[in-house]
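Reader: I have a model open and want to learn to read its features. Where do we begin?

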Amino acid sequence: KCIVQLPPSTKYRTLPTFIRRQQILLLYRRILQTIWQVPNDSDCKYLKDWAREEFRRNKTATEEDTIRMMITQGNMQLKELEKTLAVAKS
């Protein structure tokens, strides 16, 4: 049995930081899962590239209010995408 011990992370030492990171990762996964439902391949690729770029561009944000605002905006954009897909499927 090989046990690998990871070095302690200095970025995520506090519980609130860890929880916030989990919220962001969940939002990212939900956005990508919704984008994968887009039937048009070029639209799907465009949206996937857009989502990845948005998360990359904002990954260095440290201000709690800014991060909270970005999560709220991301959830609103996700809901809009879900509504658009639902209308397109009906």
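Reader: Which element gives the largest share of the lining of the largest pocket?

Author: Helix 1 does, with 11 residues. Keep in mind that this is a predicted model.

Reader: What is the volume of that largest pocket?

Author: About 920 Å³.

Reader: Which elements give two or more residues to its lining?

Author: Helix 1, helix 2 and helix 3 (64-89).

Reader: Which lining residues are the closest to the centre of the pocket?

Author: Look for I24, N58, K59, A61 and I67. They belong to a lining of 29 residues.

Reader: How do the lining residues divide into nonpolar, polar and charged?

Author: The lining has 14 nonpolar residues, eight polar and seven charged.

Reader: Now the aromatics. What describes a pair of aromatic rings?

Author: Two values: the distance of the centres and the angle of the planes. This structure holds one aromatic pair.

Reader: Why is the pair of Y28 and F55 given its class?

Author: The ring centres of Y28 and F55 are 4.7 Å apart. Their planes stand at 65°. Planes over 60 degrees apart count as edge-to-face, so Y28 and F55 form an edge-to-face pair.

Reader: Which parts does the pair tie together?

Author: Y28 lies in helix 1 (residues 15-35), and F55 lies in helix 2 (residues 41-58). The pair therefore ties together parts 27 residues apart in sequence.

Reader: What is the relative accessible area of Y28, and what is that of F55?

Author: Y28 has 22%, and F55 has 25%. Buried means under 20%, exposed over 50%. So Y28 is partly exposed, and F55 is partly exposed.

Definitions and conventions:
Residues are numbered from 1 along each chain as its sequence is written. This is a predicted model: local features need pLDDT of at least 70, side-chain atom pairs count only at pLDDT 80 or more; totals for chains, interfaces and linings use all residues. Side-chain values use heavy atoms; hydrogens and water are left out. Rings of Phe, Tyr and Trp (its six-membered ring) pair if their centres lie within 6.5 Å; planes under 30 degrees apart count as stacked, over 60 as edge-to-face and the rest as tilted. Helices (H or I, at least four residues) and strands (E, at least two) are DSSP runs, numbered from the N terminus. Buried means under 20% relative accessible area, exposed over 50%, partly exposed in between (1.4 Å probe, protein chains only). On a 1 Å grid over the protein atoms alone, a cavity is a set of points where a 1.4 Å probe fits but cannot get out, and a pocket is an open set with protein on both sides within 12 Å along at least five of seven lines; lining residues have an atom within 4 Å of a point. Grid points are joined across faces, edges and corners, and a volume is the space filled by probe spheres set on the points. Ala, Val, Leu, Ile, Met, Phe, Trp, Tyr, Cys and Pro count as nonpolar, Asp, Glu, Lys and Arg as charged, and the others, Gly among them, as polar.
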